[in-house]
Amino acid sequence: MTSEKRPDPYECQPAPGNQPPPPPAPVDMNRRAALRVGMTAAMAVGSVAVGLSLRDRDASKKTKTLPTIKDHRAEKPAGATDMAIVRGPDPAVNVRKAIEALGGMGRFVRRGERVVIKPNIGWNRTPEQAANTNPDVVAEVVRLVVAAGAGKVWLTDASVNTPEQCFARSGIEKAAKAAGATIVRPDASAFREVNVSGKLLRTGDVLFPFVEADRVINVPIVKQHGLSLASMSLKNWYGVLGGQRVKLHQNIHLSIIDLAAMVKPTLTILDATRILLANGPTGGSLADVKQMDTIAAGSDEVALDAFGATLLGLNPNDVGFIVEGMKAGLGTPQWQNLKTVELGG
Amino acid sequence: MFLWLRRAYQIVFIAFFLFLVFMTTAGLIRSYDVQWLLTFDPLVALTTALASHSLYHALLWSLVIIVPTLVLGRFFCSWICPMGVMHHALGFLARKRRIPDRVKTNNPRPSHKIKYVVLAVMLGLAAAGSVQIGLLDPIASTWRGLATSVMPALGNLAFGMYQGERHFQWGTLITVVFFGALALNFVYPRFYCRVLCPLGALLGLLSKFSLFRIVKRPEICKGCKACGADCQGAADPQGTVRATECMVCLNCVATCPRGGLSYRFLPPVDRSITKVDLTRRKWLGAGVAGAVAVPFMRASDGVEPRPNPARIRPPGALEENAFLEKCIKCGACMKVCPTGGLQPALQEAGIEGFWSPILIPRIGYCEANCTLCGQVCPTGAIEKLTVAQKVGEMPARPPVRIGSAFFDKGRCLPWGYQTQCIVCEEVCPASPKAIYFKLETITARDGSQKTLKMPFVDLDNCTGCGTCETRCPVVDRAGIRVSAANESRTPRSSISLTGGKI
């Protein structure tokens, strides 16, 4: 490089033949420079601030607390009936009589409360095939709950077959909607992660109405089941769960009890209008279906299942989840010892 | 003088970089942060933060590049970048002889805008949750090239004295891409840096704010264009210097016979160009293209929620989508894996997971008491685990599972050939062992009775480490093989009910 002294490059040099431009005000130049420095400084400070504010933000997300499903049971008035068994040709009438015998829906649902009704809508089957709860039974339950002044009536189930088709072919969606229920299909967005805190299951994804509702009404059907022997009230709680439910079969009886202890319904109405005696829980052949024209209702699921087991020709003491349910304090299989009303037949 | 300073920086940084890559091996690493230079990469910080809405603490080091770039311009490319040094050297070797020819190769071209499009696509992908920056980022690419191509080739030539024999799945592809990028210097110098490098593009954008810039004194310039002869960034010092392209190599300042160029604090704004000649529509279009590509990639099968069974992630890997928000495919985990079992995925992890790490147990198993992959991961895609966390202690603290082992009873020696073996049981590192045997008396072909030890897998004790598959004496496809089923990072993958989640 040369050491020759050069003119200051930033001094305005008049080009030959041109008029010299007016010299810019020095204050202005300084302000411009300050603005540029300020801009760069702001960018620098901004990137440091953003970096620090995002620092390991995802680490804190891991320790989220999960909701727990509350106890939905209603207080039992002194001297009230524990269980009602009604036989008759019209399933809706049977339901009405059974609830009346228990003291009316007002015993279970107060005005303005939000209620979720859980039938079995597991399979892409017609009502005659007796794989899902009878739609007339479900519709009558919805009507009674609406009449009791419920603020919201959800109806939902996590079907095993394609939900849209199960909800339609079972006849339940149409009947329940007409009776005033809001249908909740088990889409991925309908599930919330909750604490189960059971013996086997720690957490699980549950249909949101079970997290939000004040009251829960279980409306299962009586069916034979290959692994657990029977599917009735307690087993119906499989249907609140999303995820890989089939894993629960590794210990079906205890997992049924985990789920039943998590939900604790207000009322259970066991549908034995038609029962499935073989090839359950899916069924298919009308030869496996038996017309029983029976409804049993109450708030002791173990007692109801013990009664249901007898309809299937089973000894309740041979059914694992009934025995486990008793041990877990969920109820008694000695339904005959409860205050039971039997009507019809 | 300052040229020698720059060269000194370049030599020191590439030497340091190579040293750290060299140290990334079980025998040398101890607790050194050998991945340190990877955490300086602003593009890694930006894309992983965009994708995960969180910045892994180590990546705060990127501010050490970002802030000075705002002040000094895109100095990183010519002073620090290890790939930049290689390109600089190769571009020097490949340069034309005559100065006018050299100037011509260093003219700005419209194709130099492509890197901004690449950057916009990468940012769009990241915003939608898919970090693909590792494919083109110079630091991650150089790391990967060295880790899975150059070092294994040299190490194998040295009779495996360095890390033992190393072989990487389709390492040839990585070799071709790595050396291909370098060979582009023979098209014209710094082709990759000027046309493709998304990090260069990002730093170029930051340079719009730079306070120090190289500027020309038009009254001195006689138009000889000598300044363009070795301009690294094709920043057009022969015309008006483009601040976004200038890599501050200072060659122009040194070359000008009249001293007409200088690196100055706050030069007048009209002496340099800061505009990237890309319309807002093109910026936006490229970003949107990147973002919408993500749902399409995830609409394919073989990704979540039904992944390929061979997608066995390293222990401590985040749940898959969170993993894809952070993995930059640098290959540090593959380099450090003591058994060499961590491999660059091809199709196993879907198109998004291309070149991300998977364990191929037939090549090498996951060493039970080793957590080096998490230690070297620069972005936290693989969590840092302690050995106690990884191994666990049943039943209170379950181990980290990366998969589980399954017998292929037709290929297993006792099951398929009535031959004594149970090597799998012997090498199983779980305690109690995940592979156990039962004595069975069988009738051999000749009618004689013999007692054999028949092996079984206990799902709850198996971590999927793959030692059994690596050591199984049945060559090529082993008689016991690991798949990703039952990995513990997400309950969806579990088979057993033992974890309490379904």
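1. Chain A has a mean pLDDT of 92, with 90% of its residues at 70 or more. The stretch to watch is residues 11-15 of chain A, where the pLDDT is below 50 and the model shows five contacts beyond near neighbours in sequence. Where pLDDT is low, the predicted coordinates should not be read in detail.

2. Chain A is built with 10 helices and 12 strands. Its radius of gyration is 33 Å, well over the 20 Å that the globule rule gives for 345 residues, so chain A is more spread out than a compact globule. The C-alpha trace of chain A spans about 120 × 45 × 40 Å along its principal axes. Of its 345 residues, 46% count as buried.

3. Between the chains, 33 residues of chain A are in contact with 27 residues of chain B. On the chain A side, α1 (26-54), α2 (57-61) and β6 (203-207) each supply at least two residues, and α1(A) gives the largest share, 11 residues. By class, this side of chain A has 13 nonpolar, 11 polar and nine charged residues.

4. In chain B, do look at helix α12 (residues 198-206): eight of its nine residues are buried, so the helix is largely enclosed by the rest of the structure. Among the buried residues are B:P198, B:G200 and B:L206. Their cover includes α3 (42-52), α8 (114-127) and α9 (138-157) of chain B.

Note on methods: Residues are numbered from 1 along each chain as its sequence is written. Chains are lettered from A and ligands numbered from 1 in the order in which they are written. This is a predicted model: local features need pLDDT of at least 70, side-chain atom pairs count only at pLDDT 80 or more; totals for chains, interfaces and linings use all residues. pLDDT is the predictor's confidence in each residue, from 0 to 100. Two residues are in contact if their C-beta atoms, placed from the backbone, lie within 7 Å. A residue is buried if 20 or more other C-beta atoms lie within 10 Å of its own, exposed if 12 or fewer, and partly exposed in between; C-beta atoms are placed from the backbone. Helices (H or I, at least four residues) and strands (E, at least two) are DSSP runs, numbered from the N terminus. Ala, Val, Leu, Ile, Met, Phe, Trp, Tyr, Cys and Pro count as nonpolar, Asp, Glu, Lys and Arg as charged, and the others, Gly among them, as polar. The radius of gyration is taken over C-alpha atoms; the globule rule is 2.2 Å times the number of residues to the power 0.38.
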